[in-house]
Number of protein chains: 2
Amino acid sequence: MESTVENVRSQMRKGVLEYCILSILSRKEAYASSIIDELKAANMIVVEGTLYPLLIRQKNQGYLSYRWEESTQGPPRKYYVITDKGRAVLSEMDSAWQEIVSTIRTLKGDD
Amino acid sequence: MESTVENVRSQMRKGVLEYCILSILSRKEAYASSIIDELKAANMIVVEGTLYPLLIRQKNQGYLSYRWEESTQGPPRKYYVITDKGRAVLSEMDSAWQEIVSTIRTLKGDD
DNA sequence: TTTAGTACTTTGTGATACAAGGTATTCAAA
DNA sequence: TTTGAATACCTTGTATCACAAAGTACTAAA
């Protein structure tokens, strides 16, 4: 069995992952492996089997588009780019996130 | 299909719900319907079919215990009480939550 | 005795994170 | 030339979980 701590963290990551991806892509286009690296650096551990389907989902929903680009160090990379629709959804996510942060504060704060 | 906004909010609720329940019960014991009311008041909408299985799961994991109490206004109520183990897990969840909030800030903040 | 209100429970469905394994490209060393 | 390492993308199967919907049961009032 996995440790309780990891379970807790894993549970909380769910639901904000989509938000993280759109946030990262709102700043600059990126390909899957580089997104994983960035998430790892930010302590948001994600594996390939999670990220690839998620990117494909967001592309199918029209939040992202992509283009292929050659690499000097291996196979070509699929660079994802956020769309206008994606930016609109991201803006909604910003609000939703703020609301949840505020809700937790309320639940923990005042008796 | 459900609205995008609701989808976004629903996704984000996942993973913090357990945290909310333990937080509420760390302050005072409560029964399911009253927990739903409190969550609704804090803008964290949850339905019965979500909450009851969750409480049962947390009880089975030893985070909660419960006792029955008669009500003058209907059927008896199942009052849930957080256990020592539950408080330990809640403490871990506090850290995990702070970490995620901080991670999101990092991902959004610095270019 | 029927209805309204309250409270707890279960079943079926869809979504999704993850583990594990697979495919494909490039380059360098044997 | 072919083998292996590194990089990158993709798929399948499983478990978990939020939710909708329907069900059970108790109390009090009409």
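Select chain A: from the N terminus on, its elements run α-α-β-α-α-β-β-α. That makes 5 helices and 3 strands. Helices here are DSSP runs of H or I with at least four residues, strands are runs of E with at least two, and both are numbered from the N terminus.

Before moving on, note that this is a predicted model, where local features need pLDDT of at least 70 and side-chain atom pairs count only at pLDDT 80 or more, while totals for chains, interfaces and linings use all residues. Residues are numbered from 1 along each chain as its sequence is written, chains are lettered from A and ligands numbered from 1 in the order in which they are written, and side-chain values use heavy atoms, leaving out hydrogens and water.

**Stop 1: the whole of chain A**

Keep chain A selected. Its C-alpha atoms fill a box of roughly 60 × 40 × 20 Å along the principal axes. Of its 111 residues, 41% are buried. Buried means under 20% relative accessible area, exposed means over 50%, and partly exposed lies in between (1.4 Å probe, protein chains only). Now consider contacts, meaning heavy atoms within 4.5 Å. Among chain A contacts with a separation of 6 or more, 48% join residues 24 or more positions apart.

**Stop 2: helix 5 of chain A**

Select residues 84-109 of chain A. This is helix 5, with 26 residues. From first C-alpha to last it reaches 37 Å, close to the 38 Å expected at 1.5 Å a residue. The expected span is 1.5 Å times one less than the number of residues.

Which residues of helix 5 are buried? Among them are A:Gly86, A:Val89, A:Leu90, A:Met93, A:Ala96 and A:Trp97. Further along, A:Ile100, A:Val101, A:Thr103, A:Ile104 and A:Leu107 are buried too. An α-helix has 3.6 residues a turn, so residues three or four places apart point the same way.

**Stop 3: a loop residue**

Select A:Asn43, in the loop between helix 3 and helix 4 of chain A. Its phi is positive, about 70 degrees, although it is not a glycine. Most residues other than glycine have a negative phi. A:Asn43 counts as partly exposed because its relative accessibility is 47%. Then pick B:Asn43, in the loop between helix 3 (32-41) and helix 4 of chain B. Its phi is also positive, near 70 degrees.

**Stop 4: both chains**

Show chains A and B together. A rotation of 180 degrees with 0.0 Å of shift along its axis superposes chain B on chain A, with an RMSD of 0.1 Å. The two copies are therefore related as by a two-fold rotation axis. The same surface serves both: 100% of the contact residues of chain B recur in chain A. Where does chain B come closest to the axis? Select B:Lys14, whose C-alpha is at 3.2 Å.

**Stop 5: DNA strand D**

Select the 23 residues around DNA strand D. Near means that a heavy atom of the residue lies within 4 Å. A:Tyr52, A:Pro75, A:Arg77, A:Lys78 and B:Thr50 come nearest.

Zoom in on the phosphate oxygens of DNA strand D. One is 2.7 Å from a side-chain N or O atom of A:Tyr52. For A:Arg77, the distance is 2.6 Å. A polar side-chain atom of A:Lys78 also lies 2.6 Å from a phosphate oxygen. A polar contact is a pair of N or O atoms within 3.5 Å.

Last, select helix 4 (48-60) of chain B. This helix gives the largest share of the surface near DNA strand D, 4 residues.

Technical notes
Polar contact = N/O pair within 3.5 Å; in protein donor to acceptor, adjacent residues only side chain to side chain. Least-squares fit on C-alpha atoms with pLDDT ≥ 70 in both.
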